[in-house]
Amino acid sequence: MSGYRRPAMPGPQLFEAQAEDADPAELAAAGHRIAHLLVRGPHDETDAGLVARVLHLADEEGLGVIADLWSHAAPDTVAGALWRLYLLRTWVHGEPSQAAREFAAGKAFAPVHEVLAGVVDPPGPDEVLTLVDTVVSGIVGDDFDVTLDRAAAFAHIVGVGRAQLDSGDPDSGARLVDMATHLRRAASLERAETLH
């Protein structure tokens, strides 16, 4: 994903109760808890309060502050899946014309994935932005597996397309295909109710 820069590490203001010298394991655990709450929903008033704080923080500081907590999560976890969705969305929003070009180049080589991804023909930057926003907006709810499958299909097509273009980068295209594999695996685990 050329042009992508990893978001800056969140500072100690992430949550007012977070200590400046927080243990990385505690940050990872917080990231997993937040990911679960965003995907599975709150279970009680305490959870609902945390979700409200997280959403407020995302509105005020940007989702990158929260998403960075997921950056080291294994791909077969809710947090790891959300990190990959975040990366995909961030890249598409930063490079919508490139994403559309690579999608157009890759769809001939992955027609089944094209149907699943759901991009109109021909895909322009606006259509690709709409697709990725539609996919990512589905993270909360009963269809998280479908969200992951659609994102995987999109990443697969774009990765293949990137490798096909003369100006493309086959290595980063392969990384996108790997991301697609991780997202498909997460979708499968979600259907089996074993994505944690």
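How many residues does helix α4 have, and how far does the helix reach from its first C-alpha to its last? Helix α4 spans residues 78-94, which gives 17 residues, and reaches 24 Å between these two atoms. This is close to the 24 Å expected at 1.5 Å a residue, where the expected span is 1.5 Å times one less than the number of residues. The structure is a predicted model, in which local features need pLDDT of at least 70, side-chain atom pairs count only at pLDDT 80 or more, and totals for chains, interfaces and linings use all residues. Residues are numbered from 1 along each chain as its sequence is written, and side-chain values use heavy atoms, with hydrogens and water left out.

The protein holds 9 helices and 0 strands, and its pattern along the sequence reads α-α-α-α-α-α-α-α-α. Helices (H or I, at least four residues) and strands (E, at least two) are DSSP runs, numbered from the N terminus. Of the 196 residues, 46% count as buried; buried stands for under 20% relative accessible area, exposed for over 50%, and partly exposed for values in between (1.4 Å probe, protein chains only). Contact means heavy atoms within 4.5 Å. Among contacts between residues at least 6 apart in sequence, 69% join residues at least 24 apart.

In helix α4, 13 of the 17 residues are buried, so this helix is largely enclosed by the rest of the structure. The loop between α3 (63-67) and α4 contains Thr77, which counts as buried because its relative accessibility is 13%. The side chain of Thr77 reaches the backbone oxygen of Ala74 at 2.7 Å, and a polar atom of that side chain lies 2.9 Å from the backbone nitrogen of Gly80. A polar contact is a pair of N or O atoms within 3.5 Å; within protein, one must be able to donate a hydrogen and the other to accept it, and residues adjacent in sequence count only if both atoms are side-chain atoms. Leaving aside neighbours within four places in sequence, Thr77 is in contact with His32, Leu195 and His196.

Helix α1 covers residues 24-40. Its 17 residues reach 24 Å from the first C-alpha to the last, close to the 24 Å expected. At the N-terminal end, α1 is capped by Asp23, a side-chain oxygen of which lies 2.9 Å from the backbone nitrogen of Ala25. Buried residues in α1 include Gly31, Ile34, Ala35, Leu37, Leu38 and Val39. After α1 comes Gly41, with a positive phi near 90°.

The structure holds 2 aromatic pairs. In one of them, the rings of Phe103 and Phe154 have centres 5.6 Å apart and planes at 20°, so this pair is stacked. The pair links distant parts of the chain, with Phe103 in helix α5 (residues 96-106) and Phe154 in helix α8, 51 residues apart. Rings of Phe, Tyr and Trp (its six-membered ring) pair if their centres lie within 6.5 Å; planes under 30 degrees apart count as stacked, over 60 as edge-to-face and the rest as tilted. Phe103 and Phe154 are both buried.

Helices α5 and α8 pack at an angle of about 85°, with their axes 7 Å apart. This angle makes α5 roughly perpendicular to α8. Axes are lines fitted to C-alpha atoms, for helices over the stretch in contact, and angles run from 0 to 180 degrees between N-to-C directions; those under 35 degrees count as roughly parallel, over 145 as roughly antiparallel, 65 to 115 as roughly perpendicular and the rest as oblique. On the α5 side, Gln98, Ala99, Glu102, Phe103, Ala105 and Gly106 meet Phe154, Ile157, Val158, Val160, Gly161, Arg162 and Gln164 of α8.

Arg162 is placed in helix α8, residues 144-164, and counts as buried at 1% relative accessibility. The side chain of Arg162 makes a polar contact of 3.0 Å with the side chain of Ser172. Thr147 is also found in helix α8 and is buried, with a relative accessible area of 7%. Thr147 and Leu183 lie 9.3 Å apart, C-alpha to C-alpha, and 36 residues apart in sequence.

In the segment after α9 (170-191) lies Glu193. Although not a glycine, Glu193 has a positive phi of about 60°. Glu193 counts as exposed, at 70% relative accessibility.
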